[in-house]
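Visitor: I am new to this structure and would like to look at its charged side chains. Could you guide me through them?

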Amino acid sequence: MATDLLLAERTLDRLMELAAITDEPGVTTRSFLSPAMAQANRLVGRWMKALGGAVEIDGWGNLIGHFASQAPDAKTLLLGSHLDTVPNAGKFDGPLGVLVALAALESLAERGIPMPFHVDVLGFSDEEGTRFHSAYLGSAALAGVLTEADLELRDARGLTVRETVAEFQGVKKIDLPAPRYLREQLLGYIEVHLEQGPVLQEKDCALGIVDAIAAQTRLVYLIQGRAGHAGTTPMLRRRDALAGAAEMVLAVEQMGLQMPGLVSTVGQLQVEPGASNVIPTRVRFSVDIRHAERRLADDACVRLAAQAERIAAHRQLLISHETVQHTPGIRCDPRLIAGLEAAAKTTQDVVPHLISGAGHDGVILSQITPIGMLFVRCRDGLSHHPEEHVKLADIGAALSALTRFLEKFA
Ligand code: GLV
Ligand code: MN
Ligand code: MN
């Protein structure tokens, strides 16, 4: 019989095995509907089957392991996290929550504790949103809340979501997906995730409870200038799109420094024509803005647009932008918060409560069911980095807490 320590060790081994599945050799990168995502789904699907789950990959690349209850009229509790990653990712962001959920079910099964509800363990296909720049395509499809505008987003190769998903499904045309679950069938969604920040380490606690997830906006800015010869065009006669973009990047940084609670990032920049002897004519860049309060994130977006107008006027550039993601801040469910806190208290005296600056699929699932999240300490708050790390003992603490939560919830 596998003890919880053995299950935690196995979870860590599985995380290492998954991290080797990648679209880019030598690092860990898995993006929405990529070959590596298909391979990761197959591997985790095998682990689900070995535990008695009925496994399915839906038309949007989400992995679903269904663990049926024998109880009559059973409802369904959702557990899990995502299996996609950022480029050159760590080994824990996402897979940790899927694999701890499986380990918790195994721990209960080994002790012969039956579940009076069905459990679906979900491995979402697009929490990071790195391929189409807008996150949560997988969970939004599952919840039935995608819009036509989502289907028209384009990846770096110019393919739309609509074309990409049609090819994945082997059909000519796709429709907006219907919700997979009815609200009244569901009991809630619980996700275990590494904290991705330094708070739990500073407080010397393995586990924390998420009270809320910050509002998030992702924008794409386009700056149009005029190309010209880098050797012959006088400095004062230039309309350099990249110099304008550089001012914008600093404006984005300043906004985060000046507005309490706001974080703002430019993470992508494409320069055209991209030759060392040509003045840049077009620059496209991303902006990611987050705040616990939607209103303040919106204020920041308005201020940034005003700043863009000033830069455009001063440098004779054309600057435009579009919003590719605008998600609300959400609150976790008080009952699930209390249940997770009580479960975590069996392994630690104090359980800190946190607001998540990172986005999670729960933002979408909160539209169809109550959500709760358990955070796990990570080394030095580092995440979206290959050295992201969670200790074995903390995986064990998360496993015990989730197992405990499920027992009580039952
Ligand atoms: C996902 O990790 C995000 O918050 O961008
Ligand atoms: Mn994540
Ligand atoms: Mn992430």
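Predicted model: local features only at pLDDT ≥ 70, side-chain atom pairs only at ≥ 80, totals over all residues.

Visitor: How many salt bridges does the structure hold?

Guide: The structure holds 16 salt bridges. One of them joins the side chains of R111 and E407, with an N to O distance of 3.4 Å.

Visitor: Where in the chain do R111 and E407 sit?

Guide: They belong to distant parts of the chain, 296 residues apart. R111 is in the loop between α3 (95-110) and β4 (118-124), while E407 is in helix α12 (residues 392-409).

Visitor: What is the relative accessible area of R111, and what is that of E407?

Guide: R111 has 37% and is partly exposed. E407 is partly exposed too, with 31%.

Visitor: Turning to helix α9, which residues pair there?

Guide: R294 forms a salt bridge with D298, and their closest N and O atoms are 3.0 Å apart. Both residues lie in helix α9 (residues 294-315), four residues apart, which is about one turn of the helix.

Visitor: Is R294 buried or exposed?

Guide: R294 is buried, because its relative accessible area of 17% falls under the 20% limit.

Visitor: Which residues are linked in a network?

Guide: Salt bridges link E148, E152 and R162 in a network.

Notes
Residues numbered from 1 in each chain as written. Chains lettered and ligands numbered in written order. Heavy atoms only, no water. Salt bridge = Lys/Arg side-chain N within 4 Å of Asp/Glu carboxyl O. Helix = DSSP H or I, 4+ residues; strand = E, 2+ residues; numbered from the N terminus. Buried < 20%, exposed > 50% of the residue type's maximum accessible area, 1.4 Å probe, protein only.
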